[in-house]
Structures are given as structure tokens and as C-alpha cells.
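Trainee: I have a new structure open. Please show me how to read it, one feature at a time.

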Amino acid sequence: MQRQTRSRRTFLSGATAAAGAAALGFPAIAPAQAPITLRFQSTWPSKDIFHEFAQDYARKVNDMAAGQLRIEVLPAGAVVKAFDLLDAVSAGTLDGGHGVVAYWYGKNTAVALWGSGPAFGMDANMLLAWHEYGGGKELLEEIQKAMGVNVVSLMYGPMPTQPFGWFKKPVSRVEEMKGVKFRTVGLAIDMYTAMGAAVNALPGGEIVPALDRGLLDGAEFNNASSDLALGFADVSKVCMLQSFHQCAEQFEILFNKDRYAALPEHLKHLLRYAAQASSADMSWKAVNRYSEDYLVLQNQRNVKFYKTPDAILQQQLKIWDEMIARRSAENPLFKKVLESQKAFAQRAGKWQGDTQVNYRMAYNHYFAPARA
């Protein structure tokens, strides 16, 4: 009888506590479960800051998921080669990955418009605005369907304008590009080829060894931090800054579509919002690290940086116009993306151009050498 009374009191006490917790809005505590694990691979060597950006995204997801979801990031080549990432994620060999859309240029030229070329005067952040709010996201899904790939893409991380390239000596005229064995990717292949270069598309980790062996005369990759880590300063002391070949590029986070669809809705939201948070964080980190390593390359590695002459930049724009006309005739999706970008850029570019102050004026006011 005493045991029954105690048991009944214990039950009532527990029920009362549960009811009180519910009334106060406390969440029910579910039994602990093993986290859902997603195996990722980047398209970057482990020493590249780009791989660090991939790890930054994973860390944000892991921190916010509170043990329900975990992303593990491997460097390029751990499971598949960098340029094979899309197929591996589509097939489910990997659950996801981190790279750039231009790498899938061989499957449909239209995807390279997310980053290659002058983007009608938009910078990388404006191009991301077009992707999110100007129809780009829907167009990318349409292209992926035509490509037959089973993936979900999250675009994020606006990249600063990329250098024209690393060379044996400064390039002062377009004619000096003729016969140069050069590395680039995406639609930039068309641009450098039209300038006379013999182009070879290589993943980031293979560029410096190719330069060292003389298989390349010049190359572009992305930024001061990546170029320093990959060893460009070991094989070249000349870098030409500013170019229209990739002045509006961004990163892509890939998921296998079936794996993504199977996740609870709140985890899908978490993955998307983590990409937005990473976009801002990557931008801030890039300003800090790229500027530091830019000085390291100059002051410690004796690299000479030169501005790409305006005549070359103007020639790039002319080549781009000819190339996109040809590609549009070949590929209706290519033309569709261009028309969407152009409509958005005409409006957004006018707003940005009219409202942005000349920051170089203020910089020169404070830091330019005093004139006698």
C-alpha cells in the first residue's frame, strides 16, 4: 500500500511538473540522438584560405545545429579531384561541397556567368543581389535541371576583383599575351584565348607546380592570401592587378538534392541562413587577410604589383561582347541569364554609381605622399 501511494505521488508530481513546464513555455527535452553527419569536400587545397572559408561555413552550421547536424569538410582530392566535385555530390558519393560555379563550365557555359566577365558593371555583391532577388537563383536551378545534376546550390561570399595574372615580366600591351601558356577557368578561357594566350584550365593546387616546370608562362587564381599560400611568389615576382575576366565571382555551397530534401525543415533553414552569415564573415575576413598578405608579398617576397593598363581592360570588354554574342547564339540558357543580369545591372548599377562616393579620394587625402 505504501509502495502504491509513493508510486502514485511520484507520478502525480512528475505530471504536475511537466504541466507546469508546458504552461511556462519550456521546451520538451527529447532523448539525445546522434547528429546527422554530412560529408563535404572543398575544391581547394587545405593550405588555401578558400578551404578555410569552407570550414568557416561548416563551423557556423555545427555551432548553430546544437548537436542535430554536423558537417565534416575534406580538402580537394580527399575523395575526388576538384573538378569532379559536382558529379560526386550529384551521385551521392559526397553529401556536399564547396567551390565555384565556373568549374562546371564544361557542362553548360551559362553557369560561368556567375562570376566570369564584367557582369554589366556589377561587382560581386551586386551579382549576389541579382542571384537572390533578380531571378538568378531560379535560372541556376533551370540550368542544373538541363545539366541533369541532382544538387542544391547556395551562392554566397562575394570575391574582390581578381588580378589579371602572374607573369615573368609586366604586360603592357594585349599583343604581349600572344603565345603565353596561361591558366584560367570558365568563360575567362574564351577571353584569354582571344587575347592570344594558350589556355590550360587547372585546379588551384596544380598551378604553381605547372609554372615551376615551365608548363605555364603565366596564371591567375584569385587573391593575395591564396596566391601567397599556394606559392606563386616562389615562381614569379610580377603580378598584374585589376581585370574584367573575374571581377564579380562568388562561392557555391553544394548539397546532394536527395540528402538535402530528407533534412527537417528547420535544418534546411539553418543551412541557408548559415550561408548568408558566412557571406558577411567571408567578406570581412577577406579585407583583413588579403590586405595583410598583399603587404607580405610586396615587402617580404619582393613581388612587384602593376596596374593592368586601361587599353587591356578596354580590349577585354570588346572581346567579352563578341564572345557573349557567339555563346548566346549557341545556348538559349546563356542568353536568358545575360538578359536577366543586364536588366538588373542597368537599374542597380545606376543606383550604385550615382550614390557611391569616391573612396580613393579620401584614401589619397590621408595616405598619399605629400607633393612638393
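This is a predicted model: local features need pLDDT of at least 70, side-chain atom pairs count only at pLDDT 80 or more; totals for chains, interfaces and linings use all residues.

Trainee: How many helices and strands are in the protein chain?

Mentor: Helices (H or I, at least four residues) and strands (E, at least two) are DSSP runs, numbered from the N terminus. The protein chain has 14 helices and 11 strands. Its C-alpha atoms fill a box of roughly 100 × 55 × 45 Å along the principal axes.

Trainee: What share of the residues is buried?

Mentor: Buried means under 20% relative accessible area, exposed over 50%, partly exposed in between (1.4 Å probe, protein chains only). Of the 372 residues in the protein chain, 48% are buried.

Trainee: Which domains does the assignment give?

Mentor: Domain bounds come from an automatic or database domain assignment. Here, domain 1 covers 36-159 + 246-303 + 325-354, and domain 2 covers 165-241. Their C-alpha centres lie 22 Å apart. Contact means heavy atoms within 4.5 Å. Domain 1 gives 30 residues to the contact and domain 2 gives 29 residues.

Trainee: What area is buried between domain 1 and domain 2?

Mentor: The size of an interface is often given as the accessible area lost when the parts come together. Buried area is that loss (1.4 Å probe), summed over both parts. Between domain 1 and domain 2 it is about 2,300 Å², with 65% from carbon and sulfur atoms. In domain 1, Leu297, Arg301 and Val303 lose the most area to domain 2, together 23% of what that side buries.

Trainee: How many salt bridges are there between domain 1 and domain 2?

Mentor: A salt bridge is a side-chain nitrogen of Lys or Arg within 4 Å of a carboxyl oxygen of Asp or Glu. The count between the two domains is 3. Asp234 forms a salt bridge with Arg301, with the closest N and O atoms 2.3 Å apart.

Trainee: Which parts do Lys107 and Asp87 tie together?

Mentor: First, the pair itself. Lys107 forms a salt bridge with Asp87, the closest N and O atoms being 3.0 Å apart. Lys107 lies in the loop between β3 and α4 and Asp87 in helix α3 (residues 85-91), so the pair ties together parts that are 20 residues apart in sequence. Lys107 is partly exposed at 41% relative accessibility. Asp87 is partly exposed too, at 39%.

Trainee: Is Asn108 buried or exposed?

Mentor: Asn108 is buried, with a relative accessible area of 10%. Asn108 lies in the loop between β3 (96-99) and α4 (124-133). Leaving aside neighbours within four places in sequence, Asn108 is in contact with Ile143, Met147, Asn331 and Leu333. A polar atom of the Asn108 side chain lies 3.0 Å from the backbone nitrogen of Ala110.

Trainee: What distance separates N from O in the salt bridge of Lys307 and Asp310?

Mentor: That N to O distance is 2.7 Å. Lys307 is partly exposed, at 44% relative accessibility.

Methods: Residues are numbered from 1 along each chain as its sequence is written. Side-chain values use heavy atoms; hydrogens and water are left out. Buried area is the accessible area (1.4 Å probe) that two parts lose on being put together, summed over both. A polar contact is a pair of N or O atoms within 3.5 Å; within protein, one must be able to donate a hydrogen and the other to accept it, and residues adjacent in sequence count only if both atoms are side-chain atoms.
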